[in-house]
Structure formats: structure tokens, C-alpha cells
Amino acid sequence: MAGSQADIEIRQLFQLSEFEDVVCLQKTIWSFADIELLPLRFLVVVSKVGGHVFGAFDRGRMIGFCFAIPGIKPEGRPYLHSHMLGVLPEYRDATVGRRLKLRQRDDALARGIQLIEWTFDPLELKNAYLNIEKLGAIVRRYNENQYGTTSSPLHGGLPTDRCIAEWWIATPRAAGHRAAPAAGAERIAYPADIARIREHDPSRARTIQKDNAAKFLDAFTRGLAVTGFQRTESEGVYVLEPWQ
């Protein structure tokens, strides 16, 4: 049973035993095949070459984690690629994911890093709301089937299409100061029950995924970016506007 938010501690991980727990959580959360798990040795390297690994603990038990890998943009800008974040199902409404991301932000800012990026599945509407509305990330890239088809039931056998979130952590937008979308903003919508559709009608889910992929790719080619995300009882809607 999940404890209260006050019971949950976020801390950076350095010990082999902690990395073992991260590997176990990958399997529990995503039901990955062994070949798809990111191994302990990889996490050790991440922690020693400028990345970081954080764990979320409820009274000593690890219930979530995230880690980021250091990278360099073509123009020489350093950034962090936040490669994986996972939280046990019973804790997914306890703001654990958001607290892990904010801890990543604090670490990056303390080291003079201003950009954190990560990929996310545009069909995961709750994640989209967190990334765009709560954290203030933008999206202006879309990769089709980035990781290939996986064994995880959470992916439903669909291609692993991904949006790339850009989190400019030193900007007013990341601090919650965001303007309302313009009246002429474009929108790309998914049914609010897309998770159920993916589980029970994967053919329909694939059609929705493919149609919206084309819309994203066209919008990004025209210089638009996702700047907002709106939720209704029937839809989750990505809001796109011109971006400089």
C-alpha cells in the first residue's frame, strides 16, 4: 500500500545494491524481457560519467527511479538525456514522477546545465500532461518506432513512436510562467481512453497512432512546437504554435 507523499524520499543513488533494485523495478513496471533491461553495469557507468540516477523510497522501499545520460548537442551545448523514469502502479497518482523530474532539474542547474530532454509515448496522455503542463517542456520532434517493438504489455505491440520533450529548465516557462495558447493554435487529439483502445483494439490504436504521427511530422516541418496539453472527458489534445 502506498504511503503518504510526506513519507516518500527522493535521493541520488550510488550503491550497487540500489542499482540492482532499479533493474528489478524495470522488470516489475514494464514486464520487459531480460534482453530489454538496462543492466546494473550501465547504471554504474551513468553515475560516474556525468549522468545521475535517482530513486524514490517509501519508508526504505524503492518505489520509483529515473536516470539521465550526459550528452552534447552538435553546437557544443551540454545537456542531459533523461532516458528512463518508472514508478510502481500503486504510486502513480502520488506525484512521484514529478518529484523525480524536479530533482533532476535541481541537479542539472547546480552543474550549469540548462537543457534536459527525454522521449515519451504520445499515447500516454497522463505523461503528456505532466511533461507539458506541469513541467513546461515543449515538443518539436517526433520519431517513429524509435526503440522497435518491445515485449512490454504497456506498449501493446505497437511501434514505439516517441515525442522528444525539451525542458529548458532555466526559463520562466519551466518555472510555471506560460502564456495561454493563441486562438489560432493547431491541435492534435487522442481519445481519452486510448490506453483501453490499445489494450483491447490494437488495430484501431495503430490507426490513431499512424494518423497522428503524420500530423506531428507535418506540424514540426512547418516550424510548430507543442506548447500546451488540454484534457477533456473525451480527449487529450496537444496544442501547437509557432516556435522560435
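Reader: Which conventions apply to the values?

Author: The model is predicted, so local features need pLDDT of at least 70 and side-chain atom pairs count only at pLDDT 80 or more, whereas totals for chains, interfaces and linings use all residues. Residues are numbered from 1 along each chain as its sequence is written, and side-chain values use heavy atoms, with hydrogens and water left out.

Reader: How many helices and strands does the protein chain have?

Author: The protein chain has six helices and 10 strands; helices (H or I, at least four residues) and strands (E, at least two) are DSSP runs, numbered from the N terminus. Its C-alpha trace spans about 50 × 45 × 35 Å along the principal axes.

Reader: How is an aromatic pair to be read?

Author: A pair of aromatic rings is described by the distance of the centres and the angle of the planes. Rings of Phe, Tyr and Trp (its six-membered ring) pair if their centres lie within 6.5 Å; planes under 30 degrees apart count as stacked, over 60 as edge-to-face and the rest as tilted. The count here is 10 aromatic pairs. One of them joins Phe-65 and Phe-67, stacked at 6.4 Å centre to centre with 10 degrees between the planes. Both Phe-65 and Phe-67 are buried, that is, under 20% relative accessible area, where exposed is over 50% and partly exposed lies in between (1.4 Å probe, protein chains only).

Reader: Which parts of the chain does the pair of Tyr-142 and Phe-216 link?

Author: Tyr-142 and Phe-216 are stacked, at 5.3 Å centre to centre and 20 degrees between the planes. The pair links distant parts of the chain, with Tyr-142 in strand β6 (residues 138-143) and Phe-216 in helix α6 (residues 202-221), 74 residues apart. Tyr-142 is buried at 5% relative accessible area, and Phe-216 is buried at 0%. Ring pairs also link Tyr-142, Tyr-190, Phe-216, Phe-220, Phe-229 and Tyr-238 into a cluster.

Reader: Which residues lie closest to the centre of the largest pocket?

Author: Rolling a probe the size of a water molecule over the atoms shows where empty space is left. On a 1 Å grid over the protein atoms alone, a pocket is an open set of points where a 1.4 Å probe fits, with protein on both sides within 12 Å along at least five of seven lines; lining residues have an atom within 4 Å of a point. The largest pocket holds about 1,500 Å³ of space. Of its 43 lining residues, Trp-30, Leu-85, Gly-86, Glu-124 and Asn-127 are the closest to its centre.

Key. Points joined across faces, edges and corners; volume = space filled by probe spheres on them.
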